[in-house]
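Please look over the sequence and the structure shown here before reading my comments.

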Amino acid sequence: MAETSDTRTPAQIEADIKRRRDVLAETLDEIGVRVHPKTIVGDAKAKVAANVDHTLGRAYVQVNRVVSDVKAQFVDEEGAPRLERVVPVALVAVGVVGLLVFSTRRRKS
């Protein structure tokens, strides 16, 4: 239980009250800033930006992994191209492009 007899002087009590008022005023200012619509919108934007950055970072890592895996299929350990895999893929690519070009020219006629 709190002691009922206060040995502080009136000046000390007034100083304590002033200190507490200052602390409360500062706290109320902080609350006012936190609940201000611009602050709330800014916080929401920051969270969205952080989530987008995180998602893009994960996507970058995944794409990097896929590119490395594909590169490993067409390049040997020394960095030289594996012709037994590159040549058939190149032929298929040229064939597909040729078919697309041929089919678009045929439609125009």
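1. A salt bridge here is a side-chain nitrogen of Lys or Arg within 4 Å of a carboxyl oxygen of Asp or Glu. By that rule the side chains of Asp 22 and Lys 18 meet in a salt bridge, at 3.3 Å from N to O, and a search of the whole structure finds four salt bridges.

2. Before going further, please keep in mind that this is a predicted model, in which local features need pLDDT of at least 70 and side-chain atom pairs count only at pLDDT 80 or more, while totals for chains, interfaces and linings use all residues. Residues are numbered from 1 along each chain as its sequence is written, and side-chain values use heavy atoms, with hydrogens and water left out.

3. Helices, which are DSSP runs of H or I with at least four residues, are numbered from the N terminus, and strands are runs of E with at least two. Helix H1 covers residues 10–34, and its 25 residues should span 36 Å at 1.5 Å a residue, which agrees with the 36 Å between its end C-alpha atoms. The expected span is 1.5 Å times one less than the number of residues in the helix.

4. How many of the 25 residues of H1 are buried? The count is one, so H1 is hardly covered, where buried means under 20% relative accessible area, exposed means over 50%, and partly exposed lies in between, with a 1.4 Å probe and protein chains only.

5. Returning to the pair in the opening point, Asp 22 and Lys 18 both lie in helix H1, four residues apart, which is about one turn of the helix. An α-helix has 3.6 residues a turn, so residues three or four places apart point the same way. Asp 22 itself is partly exposed, at 42% relative accessibility. Salt bridges that share partners also join Arg 8, Asp 16 and Arg 19 into one network.

6. Another salt bridge joins the side chains of Glu 77 and Arg 82, at 3.8 Å from N to O, and here Glu 77 is exposed, with a relative accessible area of 75%.

7. On the surface, Leu 28, Ile 31, Val 35 and Ile 40 form a nonpolar patch with about 390 Å² of accessible area together. Patches are made of residues with over 30% relative accessible area and no salt bridge, with like charges joined within 9 Å and nonpolar side chains (Val, Leu, Ile, Met, Phe, Trp, Tyr) within 5 Å; the areas come from the Shrake-Rupley method with a 1.4 Å probe, and for residues only the protein chains shown count as cover. Val 35 lies in the loop between H1 and helix H2, which covers 37–74, and Val 35 is exposed at 55%. His 36 lies in that loop between H1 and H2 and is partly exposed at 38%.

8. Which residues does Phe 74 touch, not counting those up to four places away in sequence? Phe 74, in helix H2, touches Ala 80, Pro 81, Arg 82, Arg 85, Val 86 and Val 89, contact being heavy atoms within 4.5 Å. Phe 74 is partly exposed, with a relative accessible area of 25%.

9. Phe 74 and His 54 are 20 residues apart in sequence and 31 Å apart in space, while Ala 25 and Val 89 are 64 residues apart in sequence and 73 Å apart in space. Asp 43, placed in helix H2, is 53 residues from Val 96 in sequence and 50 Å from Val 96 in space.
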